[in-house]
Amino acid sequence: MDPSSPVLPANILEQTALRLGCSPTDKELAFHLDEEDELKHLRQCFFIPKVKDLPPTDLSLANGEESCIYFIGNSLGLQPRKVKTYLDEELDKWARTGVHGHFNGQRPWALADECLVDLMAKLVGAQRHEVALMNGLTVNLHLLMLSFFKPTPRRYKILLEARAFPSDHYAVESQLRLHGLDVEKSMLMIQPREGCFVGFDLAHAVGNVELHLHDWGVDFACWCSYKYLNSGAGGLAAAYIHEKHSQSIKPALIGWWGHEFKTRFLMDNKLQLSKGINGFRLSNPPILLVCALQASLEVFGQTTMKALRRKSILLTGYLEYLIKHYFSEDKTNPEKPFVKIITPSQIEERGCQLTLSFSLPIKFVFEELEKRGVACDMREPNALRVAPVPLYNSFRDVHRFIEILGSAITSSKQTANNTALSASY
């Protein structure tokens, strides 16, 4: 299903259930959708934790031998199965050849980041020379803003969305202070003027939705790789600068790895800066982080973001459908707990994640879900983030989650009632 298609997930679910002769809420539909899923084989490329291995699990409430319901890829993706193989290869090469690993083997350490650039550029819709794998997200944010943000007495403001992720907010705040600017006056919520530079933190977009950075004319961007790109906690990040800026935008902070490769190892301290984003690189790539990222990007290389997005729309739509069916607010029964979906209902305005709010205290619901082998994400004061990732989550996962959510809500209501009763004495 194309994102621009007028056929909504709910219509597909109802039509498919009708053909099967079952209700859209029946388990039979989930099994059928998994069987028909053209990407189902990708699930086998990842390690999915067992319920019994998750620390919060209560084995009296869950089958410990089942795979957990991992709906937290928006925070940390699962481990690709090839990670250990690739790590072992490089550890073995290091043990056997020492320094010669820099220019030998399938992943020469001195070129390891460049081995993956094509795969990453494809994911974000960029040209190869517009993308570099380097550092961590916040480091890249600072490096790019040091070059793009050149305040003048008349032009000194940065547009930032309200309640931005801390990586963005703290970086922008400190950049303003670095230039001696008043944060309250210089960090604004306004529409950008014609000709302003626009940059994006794509941490929750890359690997989640289709991106076309080059065609869209995006000035600059950066992203981490440990969420939907599954490279492990603190994995190697990436940055992008459109080729239209390759001559005009220069790095404010320069490191050895920004020097042109042909003369980099002459050590004569005569800078020959690489053009565009490659000139922003500071240090040689961490090979062990490259291995983990390679293992994941190769899985993405088995499909396309268009195909992943097509599955994602239906998978998240299925979750939305079941939540609304079972847990919508019932005006005739004010005692019934309910769930609201905060995330926009428009397909083009969201990725795979849904953020839910509850009529019950969120902490109770979250704890009951964790006891039953669900890995998701709680955000105070009253939000639960769930992300069915199309690479490794199934329609059966969604159906199981809904079953478990019903049990968790029932237990949470009892806990909330007991807490209120205790407080009354």
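Reader: Which residues form a nonpolar patch on the surface?

Author: Nonpolar side chains (Val, Leu, Ile, Met, Phe, Trp, Tyr) are joined within 5 Å. Areas come from the Shrake-Rupley method with a 1.4 Å probe, and only the protein chains shown count as cover. Here Phe 103, Trp 256, Phe 261, Phe 265 and Met 267 form the patch, with about 500 Å² of accessible area together. The model is predicted: local features need pLDDT of at least 70, side-chain atom pairs count only at pLDDT 80 or more, and totals for chains, interfaces and linings use all residues. Numbering runs from 1 along each chain as its sequence is written, and side-chain values use heavy atoms, leaving out hydrogens and water.

Reader: Is Phe 265 buried or partly exposed?

Author: Buried means under 20% relative accessible area, exposed over 50%, partly exposed in between. Phe 265 is partly exposed, at 34%.

Reader: What is the largest nonpolar core?

Author: A nonpolar core is a set of buried Ala, Val, Leu, Ile, Met, Phe, Trp, Tyr and Cys residues joined through side-chain atoms within 4.5 Å. The largest has 57 residues. Met 120, Val 131 and Trp 223 are among those with the most contacts inside it.

Reader: What does Val 131 touch?

Author: Contact means heavy atoms within 4.5 Å. Leaving aside residues up to four places away in sequence, Val 131 touches residues including Met 120, Trp 223, Tyr 240 and Ile 277.

Methods. Patch = residues over 30% accessible without salt bridge, like charges linked within 9 Å, V, L, I, M, F, W, Y side chains within 5 Å. Salt bridge = Lys/Arg side-chain N within 4 Å of Asp/Glu carboxyl O. Buried < 20%, exposed > 50% of the residue type's maximum accessible area, 1.4 Å probe, protein only.
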